[in-house]
Structure formats: structure tokens, C-alpha cells
Amino acid sequence: MTMKQKLTDCCERGSLKGFFALICFLLLSVSGIQAQVAYEVTGVVSDHNSPPSPLTGASVVEKGTSRGVVTSSDGSYSIRVSSHDAVLIYSFFGCKSQEIAVAGRTQINISLQEDAIALEEVVAIGYGSMKKSDLTGAVSSVKSDLLENKPIASFDNALRGQIAGVQVRQNDGQPGGGASIRIRGTTSINGTNEPLYVIDGVPLISESVTDGQGLTINPLSSLSTNDIESIEVLKDASASAIYGARGANGVILVTTKKGRSQQGTVRLSATFSLQSPEQAYTMLNGQQLAQLGKEAYENSSMSVPAYFQAPESVVTRTNWMDEIFRTALTQNYQVNFSGGSEKVNYNFSAGYFDQEGILIKTDFTRYTFRGQIDADVNRYISFGSTMGYSQVQTEGYGNANSGLALIAMAQDMNPALPVFDENGEYTFRNNLSSSTGVNGGNPVATAQKADMQNRQNRFTGNLFADVKFLGDDRLVFKTSFGVDDIFSNDRLFLPSDLAVSADGPGKGNVSTFTTKTWVWENTLTYKNVWGKHSLSAMIGQTAQKFTQSIARLGTKNFEDNRLGYHDLSIGKDVAITSTTDSEWAMLSYISRIHYSYDDRYLFTFTGRVDGSSKFGKNHKYGFFPSGAVAWRISEEKFMKDVKPISNLKLRLSYGVVGNAGIAPYQSQGNLISVSPPFGPGVPNGGMAPMTLPNADLAWESTSQFDAGIDIGLFDNRLNLTADYYRKYTTDLLYNVDLPMYSGYMYSLRNLGDLSNTGFEFSLIAVPVTTRNFEWTSTLNFDTNVTRIEKLNIAEGESAGTGVTRMVVGDKLNNIWGYKTNGIAQLDEDLTQVAQFPNRPMVAGEQKYQDIKKDGIIDLDDQVILGNLAPKFTFGFNNSFTYKNFNMNIFLEGTYGNDIINYTRKSLESMDGARNNITTVLDRWTPENPNAKMPRADVVSNSTAFSDRWVEDGSYLRIRDLTLGYTIPRKLLRGIASINVFVSFENLYTFTKYTGYDPSIGGGVDQNLYPTSRKYSLGVSMTF
């Protein structure tokens, strides 16, 4: 029977009930069909101000799918949803996310309310991501706006002062130079203290893979800061335990920029910077040095050299410091292409960075290329890839050899000498007594003639595939394969007419490093929300392998310098021939469970099993667990009427992580190449044992307790985060010296304990926000105390007699030396003055405190003079926007740390062997008994290490001041936006330290390459 016949029959029988039932059935069928039809929804996303302003770059995503778009410059969007019943999620950084049911509408306009703490922001946590509101561990983030367009070679230097608990110490100011990062203190003595770096899921090779010939390359400089979307720092054991044996020093996760579902955009940026050196010391002129040298030799009853005999006739010909320093240029260019559709997103970039050093002939150059693509095959399968290539090159002598640093050469040189002699040739060397052998060369000649180059080619990348078994995010299997390959070539040639190669004469070296690592990771993640319950569970397996091959060749004794390192066979004598191969591997199993009830009670449990080839056969595997709980008190019913409190969360965590940062083969015992003479002094090559094998060698284990609180006030306009932590490291890896009769030099063992205790505080505030003006302020500071709890010595005893020896029960990095006690005078009874054995005290020399009261100055009279670690560090950042103008000022510093100034110790030697600084003009003489400095003397009691060389390293620095302007869109045609800015880096430093820079060197200043003040002009354009 046809439908028409049925309707006719129904009407003929008068069955109105059946007729209405049929009509309802047809309507429901049609609506069901319509509900499954995809269609377009458009609208505008704006802020909550009055009148509202459009939000550019806001995210609009259909809930439960991968469909998403980003709003354009006018806040508009257009998204194709799957049905009339779809739900759209609107989000924007710094605003509260909103979920809106489409309900058949074709246009939805929405305004997002500001949320200063961005609780709905998603952050990376290692093998996954999580909303900030759900975090139970200590995780801090830095976003791209603090990194972009900075004239810096690597992102590690950009983190200084930005995150509480993260201390960034720049090694020196060389172009492309790196930094040492300590997250919540020092956890190892012989192992690494650097955090694990993970870029887009691939653990990065962060150790330097060069010989250090010339200027070394910071391995982190291969990534442009303009390519970074965000940086997450995992600080406590709950957060870092997912990385197990490599999490003891914290983990830094770097996420690079990805494409978005939007119309293709092109972004160009260019920055030009000038760097100016700052002179910390004023050197003596020719006459002043000659007078000093004459006194030194006369006070030592030695004959005065000819060049010191008539100080009044000496002519100053050269300011050697001015000769080696210059005003330098830095250029930074970046182009970026990004965009996408519902199915495919892409992002490609290319960059060029070139930095001249403030020391002549020192340069750093980098080329970067990066690409990313994500694609959804269907609702079940997606895949993607991120690839990066960089070429980094450093050139120049600079401070390549700390013992023969260019700065030290210039400081030592006699200012009475010219750069060029009367024949137009470079003055060969200094004429003072310190200039012997390879020492005392002409620094200008060395910089100009030394040919040193380090070039590094690096490829990083990963491929991944996601399988969504249920068509959404509830059950997802992910597999990824990543690589990090480095090929480095170091080349050095010092011609035979330089003093630094006088022992050749002439030297040439070539070294090649081939370093490869791969990592394969597989994870299965289950997520579900039912009622008030939310669960996320992940299990996985990872495998990683590292291999490295090194080849070195060096020759010396060059009669012809023209081909340099291009033909080392010209060197008559072979100096270096070596090849080295090494490898290590890890196999790991990971798991994590996160559960929350009603968004109030949060629980996270993590476990990782790591197996490493580096350790002894009895300890190949280790288990690293952690647990954390959090209570969001602000979500409790009794808090709903407490309007000022927007967010209140308490956190507790405890976990155990490890440190596998040692070289491979340490457990197996190493051999050393020797050439013992046999017969009539003829050397014969061979191998001898160096370290005793240790089958029980295991990783260092660090347990950590963390208690934290997060508070948001006044609709999250004021946010406070505070953490207290205690880290305790056991099984410290320590080299134990062995007696000669054992046949070994030392053995690496697990035998010490070390602790770190600290407090962190972070404050984020939005004091003012109006239609035209906004002020955002962040403040952070942290404290940390590191103590040696246990070694293979008794409490109170010290390991060694060095300046920074370790004493059980004391702080790490204490500085030991003598306390000065004035200057010996002519009217004193010097026989009653404590003095060094067999070195009688004379008037004008430095006196030292006799701690033992026995009249003898020896090692037992040394005391703690200070500590290299600061009592606290801090950072204070303020951002202001007024209409199209913006300004940012960033202050950072430390308090309570001390610096060993070996540079000044050399520059106040007063022995006539090298030039000195003008502070020595106030030295003791019979006519000037109240001087600050002891007398000049070739051989003196006044040079023992004492509190004279320990200085207060506290400082407050105006790290960055940036002024910017965004050109109004109505003035632009064919260009989406243009922003121009000027910035001033290292604008001024408030400090008592007398050296170049209190922030570099980690508390030890010995002829370091200084940092510079930097002035930049930049522009960024979006098309």
C-alpha cells in the first residue's frame, strides 16, 4: 500500500488519532535529518569592556571534535558545525572559556570575561596537557610574548628572573653563549645539574658537542625564540616524575608554534641592535706602571729592569682595552607562514640571526628553518610532524682559552708598547716578566690572525599518529618517533708568528663530532567525565638511544701558514690523533592517573620505570613514583558568598626522581692512554687502568616534598602562588681517590647525601584595566639553601683544601680563605705578627687573622668568607598598554651572594709582572702608611687568597625596557598589522661589585667575556 493510499484510508476511516501520529512521525524524521546536517555558524568574539573590542586570535572549537577556527583581526569567525545540537567552546588567553549550545542558530556573538590567572588555559605537563585549574604539581609557564623579537641567541637566557625557583646564570657574554639553569638548587656534585629539555616531545641533547676551540656553541641556540609558543617548567617531583631518571633537576618543556584553522597569514619581523661594551676597570698608564714595577723590584732587593728604571720618561702609546673592544651590531630576521582548515593546519618559518661580539673578530651566525603540519584523516585518525634544521657558526679567538683569554692578554700588556712596531709589524709580545712561552702575546695580533671556527648543523624532528578508537578524546593511542642529529666541525689554526702558538711554532686542529639520538614513544590515554567525576589515565612505553663519534687531528711546527687548517700535513709534528665512539640507551615504562571530583578534590599519581645502560649491572632499572593532591577550596559551597576570593587551591605532593646525567661506561672502569719510558728514556704507547669497575653503580635519587597554595582575588585580578619544598638527594655520585698501589686512580661510587630547602613566591596583578589603558604586573622571588648532608668523611671535616671545598653539615659553595687584619707598619713589632712559615713579615705587607692563636698562618686559619649562592633571587615585570602604545619594564636581581674576583686579584698583583688597575695607586709606602693596598713586591705575602678577593655580588638590574606602537589598522592597506618598537637591554645595574658583571660566571669571575648594553629597533608585520 502506498503512502497516499494509507492517508486516504486513514481519512476515510476518520482515524484522526492515527493521522496525528503519522504527522508527528514525519516531523520527527525531518528534524532528525536536519540535526545531522552540517552547516555554518558565524559571529564575532569580543572582550567584556564597554564598549567591547574584538578579540583577534580567539579560539572557537566544536566540543568533542577537532574542528576549530581562530578569529580574524576584527574578531569575526566562521565555523562549520556537525549539527544543530553542537556545542561551541570559546577561549582566549587571559579570559574565561565559555561553552555555548548552537541550538540551531547560524549567528552567535559572544564576549569573553577577563581571567587574569587563565585557569582554563591548557599547559603542557609531559606526555600530555592539562588545564591550569587541574594542576596538582608545581608547574610554571612562559608565553611567546616574552620571547618574541628578543635579540638573544637562545631561549635559556630569556628565562632569567621570569620564574620563581629557576635561577639562570649566564656563563659569559660571548656571542651565542649559553647559561646554566638551576631549578630549585643543586642536586649533584659529579653528575649534571642542568634540567632536561624536551622540545615538541623530543628530549634535546643539551650538552656541548664541541671541543671548545674558539668560541663554544650553546646547544640551545639552534632554536629561534620566535619559533616558541610556550615554555613550561616542571619543578616538583609530582610534575617531573613522569621523566623518571632524568627529572631530578627539573624539566623544561618547549612547545613550538603550530598552525591554526584560519586563513593563511604571513608574518615578518626584523630587529637591529647595537651593543656597547662597559669598561669595569681603569688600567695604569705607562708612567704609573713603570713606577709600580720599580717599587716592586726595589722592595724585593732585585735589580730593576731597564723599562722600569726611569718612569718619568715612559710614554703611554696604547690603551689595549680600547683596541680589543668594539661597538657591535646584531641582526635578527624571521618570516613565518601559517594557516589551515578544518582538516589540515600548517606552520613554516625561516630565520637569520647574526651577532657581532664586543670583542673584535668574535661572531655568531645562525640560520633556522622549521616546519609543522597536522592533519585529520577522519574522526578516528590524525597525524602530524614537526621538523627543524639549523646551522650555527661561531668565529674568533675571544676568550677561547681561559688561561690565554684575549681580555687577560690586553689587561697584562704594557701600555708603553705600540700595537705595531717601527717596521709596521705587530708587536710580538709583552715585555713584562709574565710574558714567557705562550703567555703575553699581542691581543690585537692574536684576535686578527687566529683562525677559529665552530660550525654545527642540527636536525630535529618528530612524526606522530593518533588513533581515536571512539572517534573523540576518550580513548586515544599515540605513537611518535623523534630524532636529534648534530654534525659539528671545529677548526683552529694559530700561525707560527703568534706568541700563543710559540710552543709549536704554529698549531692546527680539526675535530668532527657526529651525534645522534632517537626516541620512540607509545602512549594510550583514557579520559572520561561522568557526573561530578573526571578521570584521565595514561600508560606508555619509551625507548631512546644516543650515539656519538669523535675524530680529532692536530699538528704543529708550521713553516708555512698560508693554508692553515685546510692542510694540516704542513705541520711537521703530530700533536693530536684520536677517535672516540660512545653510546647509551634507555628503555622506560610510564603511567599517570589524574582524578577529580566535582572540580574540588584533585589527585595525581605517576610512576615511571627506567632502564639505563650507563649504570652497573646490579642497578640497571629504577622505579620513580610520585603522588599529589589538591583541594580547590574556592569551589566549596561555603565559599560561594566570599566574593573577593575567585580561586583558592591547596597543593601537596611527594615523589622520587633520578639523575642519570653521567657519561657512559662509568660503571665498567676506564682506561687511560700512557707513554711510559722504557730503556734509555724512549716512550712507548700503551693503556693503563684509570677507574675501578663498580657493578653497583646506581643513579642519584632525589625525593621531594612540596606544599603550595594558589590564591586568586577580585575576579582573579590579583593572584598569588607560594610553594615550600624540601629536596633530599641520596646516593650522590662521587669520585673516591684510590691508593697508588691499587693500580687505579679513583672509583665512582654512590656515597653522599645532599639537601635543598626553599620557598617560592609569585604574584600576578592587573591593577588597572579600562577601555584604553591596562597595567599588568608580575613579581617573583625565591630562596634556596643547599647543604652537604653526607660524604665519605666525618661531619665537620672538609673534602679537599680548595677555595670552595665541601664540608659535611655546611652549605654547598661556601668560600674559604684568610681574613685580612690590616697592613704591617714600620712601628710594629713584626715578630709578634702571625706569619706564614719560613716567610717573615715585613712592613707594608698584608696581615691575616690568626684563628688558632699560635703565631703561624696556615690552612687551619682559613674560615668561611662567603657563599656563591644568593639568599634570594627576584624578578619584577610591568607591562602597560595605552591605546596603540605599549611599554614593558623588567627588573631582576639577586641578594646575598658573593663573587670570587680572580680578575681583580690578578689586576692588583703589584708585582711588576703585568699591568694593574688604578686602585693600586693607593698602595702602602713609608710616606703613605694608611693606604688601602699593601706594598708593591715581586715576591709577597700579600697574595694569599683572602677576603680581599671576595665581593658582594648582589645586584638590581634594569634588564629590559621596551616601548612599542601598533599602527592603526585604518592606516594600513593590504597589511593586517604593523608594530614597531625600541628596546634597551641591560640598561643599568645597581651593584657594589667592582667587576664587569655580577650576573655571569656563577660566582667566579676569571677573565670572563663581559656582557654588554644593547639598544634595539624592531618591526613586525602581519599580512
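This is a predicted model: local features need pLDDT of at least 70, side-chain atom pairs count only at pLDDT 80 or more; totals for chains, interfaces and linings use all residues.
Notes on the rest follow.

1. Overall size. The C-alpha trace of the protein chain spans about 140 × 70 × 65 Å along its principal axes. The radius of gyration is 34 Å; this agrees with a compact globule of 1023 residues, because such a globule would have a value near 31 Å.

2. Make-up. The protein chain has eight helices and 51 strands. Of its 1023 residues, 51% count as buried.

3. Contacts. Residues 24 or more positions apart account for 69% of them.

4. Charge. There are 91 positive and 103 negative side chains in the protein chain. The centres of the two sets lie 7 Å apart.

5. Strands E25 and E26. E25 covers residues 533–556 and E26 covers residues 573–597. They run antiparallel, joined by 24 bridges. Within this region, Gln 541 stands opposite Tyr 589 of E26.

6. Strands E26 and E27. E26 also pairs with E27, residues 601–612. Here 12 bridges join the two strands, again antiparallel. Ser 596 has Leu 602 in E27 as its bridge partner.

7. The turn. E26 and E27 form a hairpin with three residues between the strands. Asp 598 in this hairpin takes a positive phi near 60 degrees.

Definitions and conventions:
Residues are numbered from 1 along each chain as its sequence is written. Side-chain values use heavy atoms; hydrogens and water are left out. Helices (H or I, at least four residues) and strands (E, at least two) are DSSP runs, numbered from the N terminus. The radius of gyration is taken over C-alpha atoms; the globule rule is 2.2 Å times the number of residues to the power 0.38. Buried means under 20% relative accessible area, exposed over 50%, partly exposed in between (1.4 Å probe, protein chains only). Contact means heavy atoms within 4.5 Å. Lys and Arg count as positive and Asp and Glu as negative; His and the chain ends are not counted. The place of a charge is taken as NZ of Lys, CZ of Arg, CG of Asp or CD of Glu. Two strands pair if DSSP finds at least two bridges between them.
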